[in-house]
Amino acid sequence: MEREPEDVLGAVGARLRALRRERGMTLAGVAEVTAVSESTLSRLESGQRRPALDLLLPLARLYGVPLDDLVGAPRTGDPRIHLKPIRRFGMVFVPLSRRPGGMQAFKMIIPASPALREPTPQTHEGFEWLYILSGRLRLLLGERELTLTPGEVAEFDTTLPHWLGSADGGVVEALILFGPQGARAHLRVTPDRTPQCHDGQ
C-alpha cells in the first residue's frame, strides 16, 4: 500500500535529526556548513517546517545520503538490490559487493564538518586499496601523513596504524577494496609495507 505524501514528508524531520546526531553535529554546526538557518533546521527536524528541495539538497550533501533515502521515497519497479549504508567512525560506507570472504568493495563518504576530526588510528588484519573520487583525503599511516586528491590511489597493509579523514573539512568520496591479509588489488609485490600511491589520471 502506497504511503500518502504527507506521511512521507512528515518522517523527514526524524531522519534529519537522526543523521545529525549520528554525525555528532549540532544545529549550529549544520547551519554553518549548509547556510540554512539554525531556526529553520530546528523547525524541519520537529516537523513544524515543510521540507522543500532547496533545504533538503544541501542537507543530503552534508550527510552523504541520496535524496531518495532522506525522504524515504519508495523505489518502485527497480529490480536492483539496494544495499544499506553502514555508518562507522563518523563515515558512511556503502557496500558494493555481497560476496562472503575475499575482496570486499565499498564506496566511502566522509561528510563535511566545520571542525576537523581528531585522528584515532586503528589496526586490523587485512590489506586496503582506495581510489579518491572527490575531495581531499587525509591519510595517516604509521608515522606518515599524506593528502590524497581526486584520481590518486593508495594501498597499504592495515596491520599498520591508520586513519582516514577529510584534509580540509569538506566532503570526501572514495572507492575502497578491502581484502584479507596477503590479498592485494594489484599483482605487483613490494618488499615493504609502506603505502603505494599512484596518480590515477
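The model is predicted, with local features needing pLDDT of at least 70 and side-chain atom pairs counting only at pLDDT 80 or more, while totals for chains, interfaces and linings use all residues. Residues are numbered from 1 along each chain as its sequence is written, and side-chain values use heavy atoms, with hydrogens and water left out.

**The chain**

The protein chain has six helices and 10 strands; these are DSSP runs numbered from the N terminus, helices being H or I of at least four residues and strands E of at least two. Of its 201 residues, 37% count as buried, meaning under 20% relative accessible area with a 1.4 Å probe and protein chains only. Among contacts (heavy atoms within 4.5 Å) between residues at least 6 apart in sequence, 65% join residues at least 24 apart.

**Helix packing**

Two helix pairs are set out below. Axes are lines fitted to C-alpha atoms over the stretch in contact, and angles run from 0 to 180 degrees between N-to-C directions.

| Pair | Angle | Axes |
|---|---|---|
| H2 (residues 12–22) and H5 (residues 53–63) | about 35 degrees | 11 Å apart |
| H3 and H4 | roughly 115 degrees | within 9 Å |

A crossing is left-handed if the near helix is turned anticlockwise from the far one by less than a right angle, and right-handed if clockwise. H2 and H5 cross in the left-handed sense, and H3 and H4 in the right-handed sense.

Where H2 and H5 touch, Val 12, Leu 16, Leu 19 and Arg 20 of H2 meet Leu 56, Leu 59 and Tyr 63 of H5. The residues of this contact of H2 with H5 are six nonpolar, one charged and no polar.

Between H3 and H4, Leu 27, Ala 28, Val 30 and Ala 31 of H3 meet Glu 38, Leu 41, Ser 42 and Glu 45 of H4. The contact of H3 with H4 has five nonpolar, two charged and one polar residues.

The buried residues in H3 are Leu 27, Gly 29, Val 30, Ala 31 and Thr 34, and their cover includes H2, H4 and H5. After H3 comes Ala 35, with a positive phi near 65 degrees.

**Cavities and a pocket**

On a 1 Å grid over the protein atoms alone, a cavity is a set of points where a 1.4 Å probe fits but cannot get out, and a pocket is an open set with protein on both sides within 12 Å along at least five of seven lines; lining residues have an atom within 4 Å of a point. Grid points are joined across faces, edges and corners, and a volume is the space filled by probe spheres set on the points.

Two cavities of 30 Å³ or more are present, and the largest cavity holds about 50 Å³. Its lining includes Leu 16, Arg 20, Leu 59 and Tyr 63. H2, H3 (27–34), H4 (38–46) and H5 each give at least two lining residues, with the largest share, three residues, from H4.

The second largest pocket has a volume of about 510 Å³. Among its 18 lining residues, Arg 88, Phe 89, Phe 93, His 124 and Glu 128 are the closest to its centre. Strand S8 gives the most to this lining, with three residues.

How values were computed
Nonpolar A, V, L, I, M, F, W, Y, C, P; charged D, E, K, R; others polar. Buried < 20%, exposed > 50% of the residue type's maximum accessible area, 1.4 Å probe, protein only.
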